[in-house]
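Here are my notes on the model, point by point. Please read them with the structure open.

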Amino acid sequence: MEKKMEQSKSMHINKIAVILLSALLVFMLMLGWGLGLFADIEEEPYVNGDTDRIVVGVSQLGSESRWRTANTESVQNTFTQKNGYFLIFNNARQKQENQIKALRSFISQRVDYIVFSPVVETGWDTVLQEAKEAGIPVILMDRNVDVEDDSLYVTCVGSDFVKEGEQAGYWLEKELKKRGAADEDIHIVVLKGTEGSSSQIGRTEGFFSVAEDHDNWIVLGQEYADFTSAKGREVMEGMLRRYRDIDVVVSQNDDMTFGAIEAIRESGRTVGVDGDIIVISVDGTHDALTMVADGMINVDIECNPNQGEYVSDVIESLENGMEVEKQYYVDENVFTIDNVTKDVLSQRNY
Ligand code: GZL
Ligand code: ZN
């Protein structure tokens, strides 16, 4: 009996503790709310036209890479309530049909601007025509669209992907000359990003526009690996099984590079400045630049994800009735062991 009494008393005390704790939690939340700590999380869902802020509907294609995460952060840090925006953000999880749905929902909510990073270049004409008829300006971010009528979008803020691909080729030309191997047969494999995306199309076109000048550059294989580490590893494993002699891997983003390096190491071969296989990558993420500094990645062509402010500059121009260009390129660099300094690494926000 005694024991039972003890037990029910301690259960009673637990109950009071739980009630007190939850009351404290509610109080903290209310306090936080009152202090505007959640200022950038919209207090209520947007109903057509009921805010004096600029309403921006953003369709982000997914979260496949470190680069993409940084691109999303750049958007969310720019289109904030204190900057005068009402942001409606949607992540399409790599699916075009989800982006089209998101664009249609932005149109029906009568947002002021649509911003989106098209997962692939084609298949947008109809929904962009609907946005045009609704009088909603469309700004492309990061990637481009291939449409009949380019009045369907106001501008594209992104990277010159063809130039990024060419930079990879030019670096390889210089590197082989430096090694005294400019005329030797060089065996190359290429890991390509999402099929049909403008980053994949441009980088492929750019690299091959240089490669075609070199008969001794033998491209053993080029395969899609979707800009992800997992796919990059899987595709590289297959290539290592098929090709005994690989001298260079050209990988169209850092995430695929990380996967490919794992596969190469597992095969018993080495990478980088003193390795069996030269590694050329794209994006310039912090983790990859660390590997450049360590000599594991030979060169990383930067692709700048911090595009939010460029897009908001375009919106401000449009708000002030100014003309805007059809294409804005963000600033980008080429990193090798010679220029990845401690400063570069400490300032890298992605
Ligand atoms: C490039 C962007 C690419 C990045 C990848 O602008 O489209 O998509 O290079 C990302 O990391 O997945
Ligand atoms: Zn070779």
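1. Ligand 1 has 13 residues around it in this predicted model. Those that come nearest are Glu64, Asp142, Arg143, Arg203 and Asp283.

2. Look next at the polar contacts of ligand 1. An N or O atom in the Asp142 side chain is 2.3 Å from an oxygen atom of the ligand. For Arg203, a polar side-chain atom lies 2.8 Å from a ligand oxygen. Ser199 also takes part: an N or O atom of its side chain is 2.9 Å from an oxygen atom of ligand 1.

3. Now the helices. H7 spans residues 229-242 and packs against H8 at an angle of about 40°, with the axes 7 Å apart.

4. Which residues of H7 meet H8? They are Ser229, Gly232, Arg233, Met236, Glu237 and Leu240. On the H8 side, the partners include Asp255, Phe258, Ala263 and Glu266. By class, this contact has 7 nonpolar, 3 polar and 5 charged residues.

5. H8 (residues 254-266) also packs against H9 (residues 286-293). The angle is about 50° and the axes are 9 Å apart. H8 and H9 are therefore oblique to each other. This crossing is left-handed.

6. From H8, the contact with H9 uses Asp254, Phe258 and Ile261. H9 contributes Asp287, Ala288 and Met291. The residues divide into 4 nonpolar and 2 charged, with no polar ones. Note Phe258 of H8: it is in the contact with H9 and also in the contact with H7.

Terms used: Residues numbered from 1 in each chain as written. Chains lettered and ligands numbered in written order. Predicted model: local features only at pLDDT ≥ 70, side-chain atom pairs only at ≥ 80, totals over all residues. Heavy atoms only, no water. Axes fitted to C-alpha atoms, helices over the stretch in contact; angles between N-to-C directions. Helix = DSSP H or I, 4+ residues; strand = E, 2+ residues; numbered from the N terminus. Parallel < 35°, antiparallel > 145°, perpendicular 65-115°, else oblique. Left-handed = near helix turned anticlockwise from the far one by under 90°. Contact = heavy atoms within 4.5 Å. Nonpolar A, V, L, I, M, F, W, Y, C, P; charged D, E, K, R; others polar. Near = heavy atom within 4 Å. Polar contact = N/O pair within 3.5 Å; in protein donor to acceptor, adjacent residues only side chain to side chain.
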